[in-house]
Amino acid sequence: MSGTSPGLQPPADAVKPVRHPDAPAPGELLGAHYGQCFGCGGDQPHGLHLQARAGEGVSITAEFTVRPAHQGAPGLAHGGVLATALDETLGSLNWLLRTIAVTGRLETDFRRPVPVDTTLYLEAEVTAVAGRKIYSTATGRIGGPDGPVAVRADALFIEVKVDHFVQNGREEEIRAAMDDPDQLRRARAFEVNP
């Protein structure tokens, strides 16, 4: 991760990440952690509907197709939407650690334009863990999983407890998520950076 800002460099005592034994198997589709999530939720009409799959180790792959609602300049993806796709992909890594975490810092590089109707192929991996800090990196390619890099990011996620969402989220949504009779959906609503 050369060229990364000091805030995204793992400290000397950081350790290699360890995939949780209950993490989804490599190749398994992760699904949405929350239906209303702009990044992965199916209930958001203009959301990214990003689909992530568990990879080997502590890595994932994901895909997102740029729609007209995601454009900034005419015919091109908005940079903030691309940053959201990277953030969602990086946040999904925490499912493999079975850790509740939120984005602390996200540093994004835009290398080439991403046209509307283009699929962005994302890869992300956790590079180090230091206490509550989780360091990760991601790339987004166009033209296929081995195509040219269009965007990339380095991130720092901070482990939190579910109280973080209860204390800071809007009460109506928190109550609805916590009252969901589906235990798995209820737990997943708070697994990843919403």
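The model is predicted, and its residues average a pLDDT of 84. The largest nonpolar core has 37 residues, and the structure holds 3 salt bridges.

**Confidence**

- A pLDDT of at least 70 is reached by 80% of the residues.
- Among the elements of the protein, strand E5 (residues 133-141) has the highest mean pLDDT, 97.
- Helix H3 (residues 163-168) has the lowest mean, 48.
- Where pLDDT is low, the predicted coordinates should not be read in detail.

**Helix H1**

- Helix H1 runs over residues 79-92 and has 14 residues.
- From first C-alpha to last, H1 reaches 20 Å, close to the 20 Å expected at 1.5 Å a residue.
- H1 is mostly covered, with 11 of its 14 residues buried.
- The buried residues of H1 include Leu82, Leu86 and Leu90, and also Asp87 and Glu88.

**Nonpolar cores**

- Within the core of 37 residues, those with the most contacts are Leu50, Phe64, Leu90, Val114 and Leu120.
- Elements that give two or more residues to this core include H1, helix H2 (94-97), strand E4 (119-130) and strand E6 (149-159).
- A second, separate core has 5 residues, among them Leu8, Ala130, Tyr135 and Leu156.
- Leaving aside residues up to four places away in sequence, Leu120 touches Phe64, Leu82 and Val114, among others.
- The contacts of Leu120 also include Gly140, Arg141, Ile142, Ala150 and Val151.

**Salt bridge between Arg67 and Asp117**

- The side chains of Arg67 and Asp117 meet in a salt bridge at 3.9 Å, N to O.
- This pair links distant parts of the chain, 50 residues apart.
- Arg67 lies in the loop between E2 and H1, while Asp117 lies in the loop between strand E3 (101-110) and E4.
- Arg67 counts as partly exposed because its relative accessibility is 43%.
- Asp117 has 55% relative accessibility, so Asp117 counts as exposed.

**Salt-bridge network**

- Asp109, Arg152 and Asp154 are linked in a network of salt bridges.
- Arg152 meets Asp109 at 2.9 Å, N to O, and Arg152 meets Asp154 at 3.1 Å, N to O.
- Arg152 in strand E6 and Asp109 in strand E3 are 43 residues apart.
- Arg152 counts as buried because its relative accessibility is 15%, under the 20% cut-off.
- Asp154 is buried too, with a relative accessible area of 2%.
- Asp109, at 29% relative accessibility, counts as partly exposed.

Methods:
Residues are numbered from 1 along each chain as its sequence is written. Side-chain values use heavy atoms; hydrogens and water are left out. Helices (H or I, at least four residues) and strands (E, at least two) are DSSP runs, numbered from the N terminus. The expected span of a helix is 1.5 Å times one less than its number of residues. Buried means under 20% relative accessible area, exposed over 50%, partly exposed in between (1.4 Å probe, protein chains only). pLDDT is the predictor's confidence in each residue, from 0 to 100. A nonpolar core is a set of buried Ala, Val, Leu, Ile, Met, Phe, Trp, Tyr and Cys residues joined through side-chain atoms within 4.5 Å. Contact means heavy atoms within 4.5 Å. A salt bridge is a side-chain nitrogen of Lys or Arg within 4 Å of a carboxyl oxygen of Asp or Glu.
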